[in-house]
Amino acid sequence: MTERLKRTLVLVRHGQSEWNEANLFTGWHDVALTSLGIKEAQRAGKALKIHGFRFDLAFTSALQRAKNTCRLILDELGQQDIPVIEDAALNERHYGDLCGLNKAEAAERWGEDQVRTWRRSFEATPPGGESLKTTAERVIPFVETSILPEVVSGKSVLVAAHGNSLRSLIMELEGMSPEQIEELSLATAVPRIYRLNEDGSIAKRYDLKDEE
Ligand SMILES: O=C(O)[C@@H](CO)OP(=O)(O)O
């Protein structure tokens, strides 16, 4: 890896899924990307290519929307041959009984505030599901044992995952408070770039916006 790409971590939420388009709580339900989602992932790959990114390895969840986003990005980069590690630890947060419900209808039924709390707060647990806190309890050990050591050792690493599994990772990486993480939502397929120092601290962070 060239000096410039050493200790690079790129996080990407998957492109639009069929249930994003239908505005349904998704969680672990294994839905496909829409045609827009495929284009978004390809655009992310093109933007990474234009900016000279290359990866030594990639991580993704066990859900097809993230796996396909990862593959589409690597296709654009011509890097289909790098190791891709798939692990359910990176799956979206489980939405429990909310899974499959329409988000707008849920807001009408339980109120905007309650639904926003379920979706964005750190501690609120939807019945039968995971809070962001419990999501973090399975995401962070995997990040700390499998992902960060690779980055800190000098590699350039891609992680294609989900809105809330990535929010829990970002909260830990950036040392955000529960109040701060509540304000963070990730757009689909916008690469979030981190350059790390040798001690694992963040040297630089920015989002790679679509250039087209
Ligand atoms: O439905 C979901 O699983 C997630 C991601 O799309 O939704 P939210 O952004 O509401 O947490």
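Let's start at His 14: setting aside its neighbours within four places in sequence, His 14 is in contact with Leu 33, Gly 37, Arg 65, Ala 66, Thr 69, Ala 160, His 162, Thr 188 and Ala 189. Bear in mind that this is a predicted model. His 14 is found in the loop that links strand 1 to helix 1 (18-21).

UniProt, in an unreviewed entry, places the feature "active site" at His 14 and Glu 92. These residues span 79 residues in sequence, yet no two of their C-alpha atoms are more than 10.5 Å apart, so they gather at one spot. Glu 92 is found in the loop between strand 3 (84-86) and helix 4 (103-110). Not counting residues up to four places away in sequence, Glu 92 touches Thr 26, Gly 27, Trp 28, Leu 63, His 162, Gly 163, Asn 164 and Ser 165.

Here is how buried each of them is:

| Residue | Other C-beta atoms within 10 Å | State |
|---|---|---|
| His 14 | 32 C-beta atoms | buried |

Now for the ligand. Glu 92 is one of the residues that surround the ligand, along with Asn 20, Phe 25, Thr 26, Gly 27, Tyr 95, Arg 119, Gly 163 and Asn 164. By class, this shell has 5 polar, 2 nonpolar and 2 charged residues.

On to the strands. Strand 1 (residues 8-13) pairs with strand 5 (residues 192-196) in the antiparallel sense over 4 bridges, and Thr 8 stands opposite Arg 195 in strand 5. Strand 5 also pairs with strand 6 (residues 202-207), again in the antiparallel sense, over 5 bridges. There, Tyr 194 stands opposite Arg 205 in strand 6. The hairpin of strand 5 and strand 6 has 5 residues between the strands, and Gly 200 takes a positive phi near 90° in this hairpin.

Note on methods
Residues numbered from 1 in each chain as written. Predicted model: local features only at pLDDT ≥ 70, side-chain atom pairs only at ≥ 80, totals over all residues. Pairing = 2+ DSSP bridges. Helix = DSSP H or I, 4+ residues; strand = E, 2+ residues; numbered from the N terminus. Near = placed C-beta within 6 Å. Nonpolar A, V, L, I, M, F, W, Y, C, P; charged D, E, K, R; others polar. UniProt positions renumbered as here; feature names shortened; annotations may be inferred. Buried ≥ 20, exposed ≤ 12 C-beta atoms within 10 Å, placed from the backbone. Contact = placed C-beta atoms within 7 Å.
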